[in-house]
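Open the model in your viewer and keep the sequence panel beside it. Each stop tells you what to select and what to look for.

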Amino acid sequence: MSAEEIWTALDAMEGSEIGRLKEVATWYDPVTRKPVSVYEHSHNLIAFENELNDAVMKGKGVPQEVVLKRKDGRVESLSPDKINAFVDYYKNVATGEGSARKLFLLRLALALHDIGKVEDKGDDRLASYKHAEPVVVRLNLDGIVTDEEAALVLALVYLHDTFNTMHFGEALPSDIQRYLKAHDVDESKYYELAPLLYIFDIG
């Protein structure tokens with residue numbers, strides 16, 4: 001399933017609170033100077049991943065403006081070298097072994113990572129976990145994701161703010177390690193997808 005298809009399916013799921021995100025403003029866009037809803041922010045990530053995936057799958061070069069237009073105005077733009085590194089990393093995940101499943105799980109996390117903001121308390125990973133968990137449990141019960149995959153998606157959602165504090169070369173935050181161990185999350189799979197969620201989210 002494409003990211004857009006996953007977003008649409010989750011939005012239509014009974015009991016899903018994704019639609020409520022339309023009511024919540026997360027920040028003022030520095031370019032338009034208008035409030036951007038969390039719903040719009042999350043949907044923009046989905047559209048960005050679709051565009052990037054389309055370019056990679058068709059063997060096209062990915063224009064740097066495709067990545068830069070996703071940029072969150074709160075942080076400094078990625079350098080051209082870092083953009084190229086990000087695109088290469090995404091391509092390796094998107095075309096490597098088990099790529100379809102990895103992208104499916106990444107897309108679920110993209111759609112759900114800010115769902116806790118329906119409580120209008122700003123960044124709150126506990127709220128995001130609380131609101132994402134019933135959706136992921138439903139997917140697990142329906143046989144759409146395994147127990148291991150459900151744990152991975154919830155880890156990506158819960159820890160996305162914590163991962164954002166990481167910088168290459170620094171020690172891994174202990175709370176990430178503790179969470180992964182306590183919830184029996186496959187560390188290699190988490191650390192493969194978490195950098196992508198970070199760049200998609202922050203840009």
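Select Leu 108 and show what surrounds it. Setting aside neighbours within four places in sequence, Leu 108 is in contact with Ile 6, Leu 10, Leu 139, Val 145 and Val 153. Keep in mind that this is a predicted model.

**The nonpolar core**

Widen the view. Which residues touch the most other members of the largest nonpolar core? They are Leu 10, Leu 108, Leu 112, Tyr 179, Leu 180, Tyr 190 and Phe 200, in a core of 61 residues. Colour them and turn the model. Eight helices each supply at least two residues of this core: H1, H2, H4 (80-95), H5 (99-112), H6 (125-141), H7, H8 and H9 (187-202). H7 gives the most, with eleven residues.

**Helix H7**

Select H7, residues 147-163. H7 is mostly covered, with 14 of its 17 residues buried. Now check its length. At 1.5 Å a residue, the 17 residues of H7 should span 24 Å. The C-alpha atoms at its ends are 22 Å apart, which agrees. Then look along the helix for a bend. Where is the kink in H7 centred? The kink is centred on Val 157 and comes to about 35°.

**Aromatic pairs**

Show the rings of Phe, Tyr and Trp. Rings count as a pair if their centres lie within 6.5 Å. By this rule there are seven aromatic pairs. Go to Trp 7 and Tyr 39. Their ring centres are 5.1 Å apart and their planes meet at 65°, so this pair is edge-to-face. Trp 7 lies in helix H1 (residues 3-12) and Tyr 39 in helix H2 (residues 38-57), so the pair ties together parts that are 32 residues apart in sequence. Are these two buried or exposed? Trp 7 is buried, with a relative accessible area of 2%. Tyr 39 is buried too, with a relative accessible area of 16%.

Next, select Tyr 158 and Tyr 179. These rings form a stacked pair, 4.9 Å centre to centre, with 20° between the planes. Tyr 158 sits in H7 and Tyr 179 in helix H8 (residues 174-182), so the pair ties together parts that are 21 residues apart in sequence. Both Tyr 158 and Tyr 179 are buried.

One more set of rings. Select Phe 48, Phe 86, Tyr 90 and Phe 200. Ring pairs link these four into a cluster.

**Salt bridges**

Now switch to charged side chains. Side chains of opposite charge can pair when their charged atoms come close. How many salt bridges does the structure hold? It holds nine. Visit three of them in turn.

- Select Glu 49 and Arg 107. Their side chains meet in a salt bridge at 3.0 Å, N to O. Glu 49 is in helix H2 and Arg 107 in helix H5, 58 residues apart, so to speak distant parts of the chain that the pair links. Both Glu 49 and Arg 107 are buried.
- Select Glu 192 and Lys 102. Their side chains meet at 3.1 Å, N to O. Glu 192 lies in helix H9 and Lys 102 in helix H5, so the pair ties together parts that are 90 residues apart in sequence. Glu 192 counts as partly exposed, at 21% relative accessibility. Lys 102 is also partly exposed, at 24%.
- Select Glu 148 and Lys 189. The closest N and O atoms of this salt bridge are 3.2 Å apart. The pair links distant parts of the chain, with Glu 148 in H7 and Lys 189 in H9, 41 residues apart. Glu 148 is partly exposed at 40% relative accessibility, and Lys 189 is partly exposed at 36%.

**Ser 99**

Stay with helix H5 and select Ser 99, which lies in it. Ser 99 counts as buried, at 15% relative accessibility. Not counting residues up to four places away in sequence, Ser 99 touches Val 93 and Ala 94.

**The whole chain**

Zoom out and colour by secondary structure. The chain comes to nine helices and two strands. Read along the sequence, the pattern is α-β-β-α-α-α-α-α-α-α-α. Of the 203 residues in the chain, 47% are buried. Finally, consider contacts with a separation of 6 or more: residues 24 or more positions apart account for 65% of them.

Note on methods. Residues are numbered from 1 along each chain as its sequence is written. This is a predicted model: local features need pLDDT of at least 70, side-chain atom pairs count only at pLDDT 80 or more; totals for chains, interfaces and linings use all residues. Side-chain values use heavy atoms; hydrogens and water are left out. Rings of Phe, Tyr and Trp (its six-membered ring) pair if their centres lie within 6.5 Å; planes under 30 degrees apart count as stacked, over 60 as edge-to-face and the rest as tilted. Helices (H or I, at least four residues) and strands (E, at least two) are DSSP runs, numbered from the N terminus. Buried means under 20% relative accessible area, exposed over 50%, partly exposed in between (1.4 Å probe, protein chains only). A nonpolar core is a set of buried Ala, Val, Leu, Ile, Met, Phe, Trp, Tyr and Cys residues joined through side-chain atoms within 4.5 Å. Contact means heavy atoms within 4.5 Å. The expected span of a helix is 1.5 Å times one less than its number of residues. The bend at a residue is the angle between axes fitted to the seven residues ending there and the seven starting there. A salt bridge is a side-chain nitrogen of Lys or Arg within 4 Å of a carboxyl oxygen of Asp or Glu.
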